[in-house]
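Dear colleague,

Please find below the structure that I am handing over to you. My findings follow directly after it.

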Amino acid sequence: MTEHVWSYKSTSGHLAGTDLTGYKVEATDGGIGKVDKHSDEVGDAYLVVDTGVWIFGKEVLLPASTVVSIDPEERKVYVDRTRGQIKDAPEFHRDKHLGDSGYREQLGTYYGTGGPFGTPLA
């Protein structure tokens, strides 16, 4: 099951209703872009990150469980993945994948239990 992947960790500092749009996103080894869209929906929380020129203007979808901390003063979101892990995630197309449960399952597996990075994220 990958439901836990789509929820913020209690230690992330996320406050429901906070607008994260425009926040910079920092991987464990450097910046990856800015939050373009996000959801706080319980069990379906995520960030859509515009990577800019880093991976040729691509957008990536990050499950909320990848968020380690949020710094509202710096307007930064820190995630527990490397730039390479994010770059190698299943390709995301907003129009095609936002409402696609099969894609969510695939991405949940990639980032969560049973994915290439081992341990559960919950």
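Two residues are said to be in contact when heavy atoms of theirs lie within 4.5 Å of each other. Please keep in mind that this is a predicted model.

Six strands form an open sheet with mixed pairing, and their order is 4-3-2-1-6-5. Strand 4 (59-63) and strand 5 (67-71) are the edge strands, each pairing on one side only. On average, neighbouring strands of this sheet are turned by 35° against each other, if direction is ignored. Val25 has Val77 in strand 6 as its bridge partner. Helix 3 (residues 101-111) packs on the sheet and touches strand 3 (46-50) as well as strand 4. The direction of helix 3 makes about 70° with that of strand 4.

Is Ser39 buried or exposed? Its relative accessibility is 11%, and because buried means under 20%, Ser39 counts as buried. Apart from neighbours within four places in sequence, Ser39 is in contact with Tyr8, Asp44, Ala45 and Tyr46. With Asp44 there is a polar contact: the backbone oxygen of Asp44 lies 3.2 Å from a polar atom of the Ser39 side chain. The side chain of Ser39 also reaches the backbone nitrogen of Glu41, at 3.1 Å.

Yours sincerely

Terms used
Residues numbered from 1 in each chain as written. Predicted model: local features only at pLDDT ≥ 70, side-chain atom pairs only at ≥ 80, totals over all residues. Heavy atoms only, no water. Pairing = 2+ DSSP bridges. Helix = DSSP H or I, 4+ residues; strand = E, 2+ residues; numbered from the N terminus. Axes fitted to C-alpha atoms, helices over the stretch in contact; angles between N-to-C directions. Buried < 20%, exposed > 50% of the residue type's maximum accessible area, 1.4 Å probe, protein only. Polar contact = N/O pair within 3.5 Å; in protein donor to acceptor, adjacent residues only side chain to side chain.
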